[in-house]
Amino acid sequence: MGTWNVNINGNDTAQDLKSEYQAVFFYNDVDIALKKIDAYVRRMFDETDEEEWCNYYYSLADYMWKHGILTDAIRNQVIHMIDSDFGLNFGKKPVLKH
């Protein structure tokens, strides 16, 4: 997938999932919607694909926050991912030390 900026939604995965989030949260309560979106995403990739998993989880948390439905579980998972630097090194150029 492509990435064009450092914005949470600045990648193909987040953009592709946006319409999925809209539909699943429109038709389901939050708990059911989260189960459905997780099952859908896991058909394409899982936690072992750091870049895609971060694109998914960060965009999900962003969507939920902006719509006032962010759960403590999603918020805590994203905070843990950020604190552990999970997937945050993509696109960084190595620093050369002399």
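How many aromatic pairs does a search of the whole structure find? The search finds seven aromatic pairs, where the rings of Phe, Tyr and Trp (its six-membered ring) pair if their centres lie within 6.5 Å. Before meeting some of them, please note that this is a predicted model, in which local features need pLDDT of at least 70 and side-chain atom pairs count only at pLDDT 80 or more, while totals for chains, interfaces and linings use all residues. Residues are numbered from 1 along each chain as its sequence is written, and side-chain values use heavy atoms, with hydrogens and water left out.

Ring planes under 30 degrees apart count as stacked, over 60 as edge-to-face and the rest as tilted.

| Pair | Centre to centre | Angle between planes | Kind |
|---|---|---|---|
| Y21 and Y63 | 5.6 Å | 45° | tilted |
| F25 and Y63 | 5.8 Å | 20° | stacked |

Each pair links distant parts of the chain: Y21 in helix α1 (residues 12–27) is 42 residues from Y63 in helix α3, and F25, also in helix α1, is 38 residues from Y63. Helices here are DSSP runs (H or I, at least four residues), numbered from the N terminus. Y21 is buried, meaning under 20% relative accessible area, with exposed over 50% and partly exposed in between (1.4 Å probe, protein chains only). F25 has 12% relative accessibility and therefore counts as buried; Y63, at 11%, is buried too.

**Helices α2 and α3**

Two packed helices are described by the angle between their axes and the distance between the axes. For α2 (residues 30–42) and α3 (residues 50–66), the axes come within 12 Å and cross at roughly 160°. The two helices are therefore roughly antiparallel to each other, a label for angles over 145 degrees. On the α2 side, V30, L34, I37, D38, V41 and R42 meet W53, Y56, L60 and M64 of α3. By class, this contact has eight nonpolar, no polar and two charged residues. Contact means heavy atoms within 4.5 Å.

**The loop and an aromatic cluster**

W53 and Y56 also belong to one aromatic cluster, together with F45 and Y57. E47 sits in the loop between α2 and α3. Is E47 buried or partly exposed? At 37% relative accessibility, E47 counts as partly exposed. Leaving aside neighbours within four places in sequence, E47 is in contact with R42, W53 and F86. E47 and Y57 are ten residues apart in sequence, and their C-alpha atoms are 9.9 Å apart in space.

Notes. Axes fitted to C-alpha atoms, helices over the stretch in contact; angles between N-to-C directions. Parallel < 35°, antiparallel > 145°, perpendicular 65-115°, else oblique. Nonpolar A, V, L, I, M, F, W, Y, C, P; charged D, E, K, R; others polar.
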